[in-house]
Amino acid sequence: MFALRLSQIYLELEQQSTAVTDVKMSGDDDFAFDGPTDEDVNLLLGSGSIFSNYETAQRTELEQLLPAFSKTEMNQLIRLMKLSTFKHLETHVRDHAAEWNIFIETPLAEEILPVDWDAQYAISSARPRLAAFRNMIIIHFLRPDRIMFASERYIELVFTASFPWRGDIELSKNVEDDTQAARGVLLCSTTGFDPSAQIDELAAAQRKKYNSVSMGSSEGFDAAEKGLNTALKHGSWLLLRNVHLCPSWLVSVEKKLYNARESVHPNFRLFLTSEINPNLPVNLVRMCDVFVFEPPSGMKMSMVRTLDTVTAERMNCSPAERSRLYLLLAWFHALVHERLRFVPIGWSKTYEFSQSDFRAACDVIDRWVDSVACGRAHVAPDNIPWTAIRTTLKESVYGGRVDNTFDRELMDTLLEHVFTAAGYENTFELVASDDGKDNGLVIAEGKTKAQFMDWILALPATNPPSWMGLPRSAETMVLISHGVRMLRNLQIMQDFYGSDSGDDDTGADEDSKMVLGTATGDGEDIRPKWIQDLDRRIGVWLLLFPSEEELLVPTVRDSVHFGNPVYRCMFRELELGGKFLDDVGGLLRTVQQVCAYKAKPSNEVREAMGTLYREQVPERWKQLYHVSAELSLSEWLTDFSRRIHQLKELAQVAPTDILQKPDGVWLGGFFSPEAFVTAARQSAAADLGCSLDELHLLANVDDSSASSSSGFTARGLLLEGAAWDFTGFAPLDEIRKSLPALHLCWTRQCVEANNLRLLPVYSNSKRETLFFSVAVDAGGDSAFSRTEWVQRSVALVLWEFQA
């Protein structure tokens, strides 16, 4: 992200350089700057307004030409084709359909992007940097999992491959050559990883006089102050560990460094280790050289880091079975820690599992093993108190901070798989083979730490997600998430520091031109370009919504139907819809009046105009209802329009008929979907003559009659981790799969418990909110084992953006 921002600054400076200016002044009509345009940058960062309204016949033809494209990928391709600078893309796609099908299916998509697709706009030989940037746009829209790699190719074109933009750390060389006595060295890391060991090793290797203090207590403050005064005077090294635990005390460190900047001993070095934390004093961070560390990913490196903290004497201590328990614990610790990379399917949220958990777990194992060994050299694996170990690790160590019901079930499943007497068999599979797609992993043979470490070091450096029980698409999900975060942070940074381009400037100089009067002069529009563009966009946006009169918002409650819980729910939904539509439409119409110079803008409207022009959702709209924060303005408006149109349709249906709609309801399109489910449950309880607690919510995909009397049909849901059709469930390697319809019904009958599994229903793919759960018939372990089901984190998602 920083490298991309640096490339922007570099190209802006180059464009303004004397050499470029001389070429422009020479009158060379063939001159074209080799860099992205503002329109291209805005499009990559999601600041371009795109609405796709493609003819059905043309779409069908494209789908026949491009069978490898999913529905989402086809939508993205069509969105691109609607842009003026990408109109020629359609011709190339039609003429080279086979190449585009290969591109969408190949893992290394950035390397086989169809040649000369952009020849009409940017010839790669003449303008390679522009061509590479526009390739990034194609990758971003069609293969978002490869945007990180496409951006690397672009950065290397801008700076050349020799430029050290990756920020590789050689700590010994960096400390010796790049640090100063008057500046601190701040070593930041992610939660659970401690880089202080590298400073310990460096001080020992360079034979420096060295002292370290662990922060977080009053004793640590006193020791740190004494150590800092001594180190400043005698030129020794001082390491303050975990300073994120005492951000307020760090102000005194900042003052000492500042006051001693001229008298400090030249050999003095102050090192501070911290988790990445926003509460660190800003001025202290500015006075430090900052190094950011991330632990190497993968089960192998995680197990190496973990077992390095255990001495051979402790691990090899009798009974002989103890060492293998430590190996199983190291595997389990790596498992729960590596699954954090795949949040929200590895875990529903980021839990702070750390080395402290591993140390506590080692103590648990020692206690229980010693309690049964009683000094003997061997213990039968069946006599080890497995249940006690699993329960303690779940309730008091690793599982103590897990607060999601389905995450706790996952913790149970992982513990039951790893901590079992079968782990002492040489054929025990830590990872089951996947029908030839992924090789399994059998536990190591041996009895000592040295033997187990040799086995760990022989493992591959990288491993597929299947080692953690996840579908192979989990890695793709992580890459997409990283790419989205990179572009979002780049957008935030660009907005914070502003842009030097004059065409898109929405600053005070052009704001001052917005005076009441006419927007045209002598038949020509004299308004600033950005205001003309914003005015045109608002005209398109307003066409998305029905009028408030068409929405049929009720003004009074119907006493006849008010006893119906579904009516009460829809009454509230329509009230909210009318209120939100008035808020959104009102702001757009006000801005439209200002753009036409028919109204004078307030400060709030000026701010809203800048936000709308940058294709960002105004803060007041974000507070209306919960939806993904990653949506661009056009996407947010499209989604809001779909919600309003559904309410318009449902307003014309009798309250008693809503649950029986043949085509169902878009459950994720309600402003309060859980309220609708609750209302339907209350209605079912009244029809069945029972209490709410007696009802169980069941779901199926092949029986629409089930929702006729005591339920309803929901559409727009997606299933993650599995495929589901009339034949039942099956593991799925795609990230998620849409369900045409899901039939939900409540029943008082006791269904076969062996085949019944609970399926969580989350608000969106981020799994931020767990709305409710449904029971489904999974067909028993023969078709889809419960262990695999839980480890894959199978779940339903109510909402996904649809273009």
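How many aromatic pairs does the structure hold? The count is 32, where rings of Phe, Tyr and Trp (its six-membered ring) pair if their centres lie within 6.5 Å; planes under 30 degrees apart are stacked, over 60 edge-to-face, and the rest tilted.

## Before you dig in

This is a predicted model, so to speak of local features takes pLDDT of at least 70 and side-chain atom pairs count only at pLDDT 80 or more, while totals for chains, interfaces and linings use all residues. Residues are numbered from 1 along each chain as its sequence is written, and side-chain values use heavy atoms, with hydrogens and water left out.

W530 and Y613 make an edge-to-face pair, because their planes stand at 70°, with centres 5.7 Å apart. This pair links distant parts of the chain, 83 residues apart: W530 belongs to helix 24 (residues 529–542) and Y613 to helix 27 (residues 603–613). Helices (H or I, at least four residues) and strands (E, at least two) are DSSP runs, numbered from the N terminus. W530 and Y613 are both buried. There's also one aromatic cluster formed by F545, F580, W621, Y625, W636, F640 and F671.

## Around R792

R792 sits in the loop between helix 32 (786–791) and strand 18 (795–797). It counts as buried because its relative accessibility is 8%. Its contacts (heavy atoms within 4.5 Å), leaving aside neighbours within four places in sequence, include G469, G721 and F784. A polar atom of the R792 side chain lies 3.2 Å from the backbone oxygen of G721.

## Strand 13 and its partners

Strand 13 (residues 718–725) has seven of its eight residues buried, so it is largely enclosed by the rest of the structure. Strand 13 runs antiparallel to strand 14 (residues 728–738), joined by seven bridges; strands pair if DSSP finds at least two bridges between them. A hairpin of two residues connects strand 13 to strand 14. L719 has K737 in strand 14 as its bridge partner.

Strand 13 also pairs with strand 18, antiparallel over three bridges. There, E720 is partnered by A795 of strand 18.

Terms used: Buried means under 20% relative accessible area, exposed over 50%, partly exposed in between (1.4 Å probe, protein chains only). A polar contact is a pair of N or O atoms within 3.5 Å; within protein, one must be able to donate a hydrogen and the other to accept it, and residues adjacent in sequence count only if both atoms are side-chain atoms.
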